[in-house]
Amino acid sequence: MTKPLRVAVTGAAGQIGYATLFRLASGEIFGAQQPVILHLIELPQAQGALDGIHMELDDCAFATLAGVEKFSSDNLELAFKDVDWVLCIGSIPRGKGMERSDLIRINGPIFTNTGKAINAAASRDVKVLVVGNPCNTNCLIAMSHAPDIPRANWFAMTRLDQNRAASQLAIKAQRPVAAVQNVAIWGNHSATQYPDFMNAKIDGQPASQVITDHEWLKSTFISTVQQRGAAVIAARGASSAASAANAALDTVKSLVNPTPAGTCISAAVLSDGSYGVEEGIISGFPLSSDGKNWKIIQGFQVDEFSRSKIDATINELKTERDTVKDLLP
Ligand code: NAI
């Protein structure tokens with residue numbers, strides 16, 4: 001029998017966690033032949049909610065669910081023991097009147113502990129996807145405290161932005177979203193991110209040839225994607241959850257399967273200096289995977305407009321990094 005994969009989810013009882021677990025358990029992400037053991041991790045006061053979720057997971061009778069283990073965030077080394085994947089979703093959401101820098105300072109220590117515990121207890125080949133915001137900088141903090149885990153195994157989530165961008169291009173072009181490919185998200189998962197229409201394709205043609213309203217591409221398109229999270233909060237009264245869970249699962253699926261030619265995966269990874277992005281920063285790039293290893297796709301066209309957008313978002317990431325300098329060993 002295939003050895004089960006151990007998949008840890010922090011913030012498992014939160015909105016995104018709840019929308020993630022059932023699809024992880026169902027066989028959809030790792031395949032119908034791959035058993036999965038879920039490690040559900042929550043704050044001590046949310047353990048009761050985990051009991052309820054455990055009951056619901058049992059009640060789905062998923063053939064691929066080989067076990068459910070529940071943990072308190074008080075004991076992360078136990079929680080991360082031998083795990084193959086960690087989805088870091090649990091964190092404190094941004095409150096009213098809170099500045100981004102306040103949030104970084106509040107969530108930073110969570111990710112210090114997360115990195116140390118992953119380093120101590122997880123599989124040596126563990127892959128980590130950070131969703132909790134500010135996800136790029138949280139990922140940098142956790143990775144910095146896990147020196148024994150390869151740098152290539154750390155990701156922060158920009159897939160929701162990629163999916164949002166693809167949908168906006170499809171709507172504007174009046175084409176199905178499956179016709180839109182190769183949409184990269186550069187930089188930070190924040191309002192400075194650069195959703196790259198320049199290299200995007202619609203039905204295999206450059207998006208900027210199919211959509212001739214270039215003013216729309218340069219302004220409305222970019223700001224709609226950048227502000228989409230805020231628009232969902234304004235309309236729904238709560239932040240994106242099902243779409244964020246879907247994006248986290250899309251990220252994992254894309255990394256464990258070969259990337260089709262002519263398409264890219266958007267995720268934030270440690271910069272190696274590609275495209276002039278300062279080394280040592282967790283930045284969104286276009287990636288491709290062979291199902292095991294990934295690489296940054298080279299040769300994307302970066303003109304003066306794109307350069308200025310990429311530089312702006314990288315400058316924000318540098319400022320975030322400087323804000324947490326004392327948390328980086
Ligand atoms: P939520 O508040 O519904 O759930 C968060 C859960 O995390 C709660 O159940 C809480 O008890 C738990 N938690 C808090 N601190 C924890 C810790 N130290 N260890 C384990 N669990 C902990 O929030 P939601 O909507 O699920 O969002 C989670 C995070 O995802 C937020 O930081 C949000 O900003 C971020 N997010 C990221 C997106 C992205 O594209 N990267 C998109 C949408 C949300």
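**Entry 1, strand β13.** I worked from a predicted model, and I began with the burial of strand β13, which spans residues 282-289. I found that 8 of its 8 residues are buried, so the strand is largely enclosed by the rest of the structure. I then separated the two sides, since in a regular strand the side chains alternate between the two faces of the sheet. On one side I listed I282, G284, P286 and S288, and on the other S283, F285, L287 and S289, and all of these are buried, so that both faces of β13 are covered.

**Entry 2, partners of β13.** I looked up the pairing next, and strand β12, residues 265-270, runs antiparallel to β13 with 6 bridges between them; within this pair, P286 of β13 has S266 opposite. Strand β14, residues 294-296, is also antiparallel to β13 and is joined to β13 by 3 bridges, with K295 in β14 as the bridge partner of S288. In the hairpin of β13 and β14 I noted 4 residues between the strands, and G291 there has a positive phi near 100°.

I turned to the ligand, which is surrounded by 23 residues, the closest being Q15, I16, E42, S91 and N133. The space that the ligand takes is the largest pocket. Taken alone, the ligand exposes 870 Å², of which the protein buries 85%.

Note on methods: Residues numbered from 1 in each chain as written. Predicted model: local features only at pLDDT ≥ 70, side-chain atom pairs only at ≥ 80, totals over all residues. Heavy atoms only, no water. Buried < 20%, exposed > 50% of the residue type's maximum accessible area, 1.4 Å probe, protein only. Pairing = 2+ DSSP bridges. Near = heavy atom within 4 Å. Areas by Shrake-Rupley, 256 points an atom, 1.4 Å probe, with all protein chains shown as cover. 1 Å grid on protein atoms, 1.4 Å probe; cavity = no way out; pocket = protein on both sides within 12 Å on 5 of 7 lines; lining within 4 Å. Sits in = over half its atoms within 2 Å of the grid points.
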